[in-house]
Amino acid sequence: MAENGAAQESQVAKHQEVGHKSLLQSDALYQYILETSVYPREPESMKELRELTAKHPWNLMTTSADEGQFLSMLLKLINAKNTMEIGVYTGYSLLATALALPDDGQILAMDINRENYELGLPIIQKAGVAHKIDFREGPALPVLDRLVEDKNNHGTYDFIFVDADKDNYINYHKRIIELVKVGGVIGYDNTLWNGSVVAPPDAPMRKYVRYYRDFVLELNKALAADPRIEICMLPVGDGITLCRRIS
């Protein structure tokens, strides 16, 4: 009995460590999903980039493999062609997007760190999809402001994926809601934020989880009340909220 209890405690501890990318209560179940559905279908270039990123000290920032698969399927279902990504890191979700788009598809990709992007760039180039990517180094808000100023850009994006500084998610939303077309989709990543959205205020949390928690809660409340969108919050990866613009 004691051995079972110790095993359960060990499983919980392990789950808390990997919980940033899996909200499932069982690591074995998450591994089953990866090994049964995700890894066998993962393109070789994405596998190579995932393994490269795993060696990086900030690897928790990457999109999980199951979420990458989900994004790829979603982009194909909505026939996306003109897209945007705010927050790139080494480019795993960016590569998933580029592979899913038609050959003349376009991705406006923004990140404050070109060095991280260039880690994955040779793999993206080898996959033959680098021509679809317009990478801009620097804060996204000034770029978005310039896009919004020109009304010709309004309603021109099929899909926008946001996985960046959580304290600016609300600011991003105020701008990109003008840029995505009616019927288009915005995806906000990390909206369940390691499960902390339902944790009591005094619960033990990593510092960065605690710091951004209130910003994530604010976003979730704002999206739920926004009449311009339909929303669906999914427990994929660290939580992703899909917003379909309806007006």
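Let's start with Asn 194, which is partly exposed, with a relative accessible area of 24%. That value comes from a predicted model, as does everything else in this report. Asn 194 sits in the loop between E5 and H9. Its backbone is worth a look: phi of Asn 194 is near 60°, a positive value in a residue other than glycine.

You will find Asn 79 in the loop between H4 and strand E1 (82–86). Asn 79 is exposed, and its relative accessible area is 63%.

## Ser 196 in the E5–H9 loop

Back in the loop between strand E5 (180–189) and helix H9 (207–225), we also come across Ser 196. Is Ser 196 buried or exposed? With a relative accessible area of 3%, Ser 196 is buried; the cut-off for that word is under 20%.

Which residues does Ser 196 contact, once its neighbours within four places in sequence are left aside? They are Met 205, Val 209 and Arg 213.

## Helix H3 and what covers it

Helix H3 spans residues 44–54, and its buried residues are Ser 45, Met 46, Leu 49 and Thr 53. Looking down the axis of H3, these buried residues fall within an arc of 95°, so they line one face of the helix.

## Helix H5, mostly covered

H5 is itself mostly covered, with 8 of its 9 residues buried. The buried residues of H5 are Tyr 92, Ser 93, Leu 94, Leu 95, Ala 96, Thr 97, Ala 98 and Ala 100.

Two of these, Tyr 92 and Ala 96, turn up again among the contacts of Gly 68. Gly 68 belongs to helix H4 and is buried, with a relative accessible area of 1%. Not counting residues up to four places away in sequence, Gly 68 touches Thr 63 as well as Tyr 92 and Ala 96. For a sense of scale, the C-alpha atoms of Gly 68 and Ala 109 are separated by 16 Å, and the two residues are 41 residues apart along the chain.

## Where H2 meets H4

H4 also packs with H2. Two packed helices are described by the angle between their axes and the distance between the axes. For helix H2 (residues 27–38) and helix H4 (residues 65–77), the angle is about 45° and the axes are 10 Å apart. That angle makes H2 oblique to H4, and H2 passes H4 in a left-handed crossing.

On the H2 side, the residues in contact are Tyr 30, Leu 34, Ser 37 and Val 38. They meet Ala 65, Asp 66 and Gln 69 in H4. By type, the residues of this contact of H2 with H4 divide into 4 nonpolar, 2 polar and 1 charged.

## Where H7 meets H8

H7 and helix H8 (residues 169–179) form another helix pair: their axes come within 10 Å and cross at roughly 30°. The crossing of H7 and H8 is left-handed. From H7, the contact is made by Ala 140, Leu 141, Leu 144, Asp 145, Leu 147 and Val 148. From H8, the partners are Asn 171, Tyr 172, Arg 175, Ile 176 and Leu 179. The residues of the contact of H7 with H8 divide into 8 nonpolar, 1 polar and 2 charged.

Which residues of H8 are buried? They are Tyr 169, Ile 170, Tyr 172, His 173, Ile 176, Ile 177 and Leu 179. Seen down the axis of H8, they fall within an arc of 165°, so they line one face of the helix.

## A closer look at Val 148

Val 148 lies in helix H7 (residues 140–149). Val 148 is partly exposed, with a relative accessible area of 21%. Leaving aside neighbours within four places in sequence, Val 148 is in contact with His 154, Arg 175 and Leu 179.

Methods:
Residues numbered from 1 in each chain as written. Predicted model: local features only at pLDDT ≥ 70, side-chain atom pairs only at ≥ 80, totals over all residues. Heavy atoms only, no water. Buried < 20%, exposed > 50% of the residue type's maximum accessible area, 1.4 Å probe, protein only. Helix = DSSP H or I, 4+ residues; strand = E, 2+ residues; numbered from the N terminus. Arc of directions from axis to C-beta. Axes fitted to C-alpha atoms, helices over the stretch in contact; angles between N-to-C directions. Parallel < 35°, antiparallel > 145°, perpendicular 65-115°, else oblique. Left-handed = near helix turned anticlockwise from the far one by under 90°. Contact = heavy atoms within 4.5 Å. Nonpolar A, V, L, I, M, F, W, Y, C, P; charged D, E, K, R; others polar.
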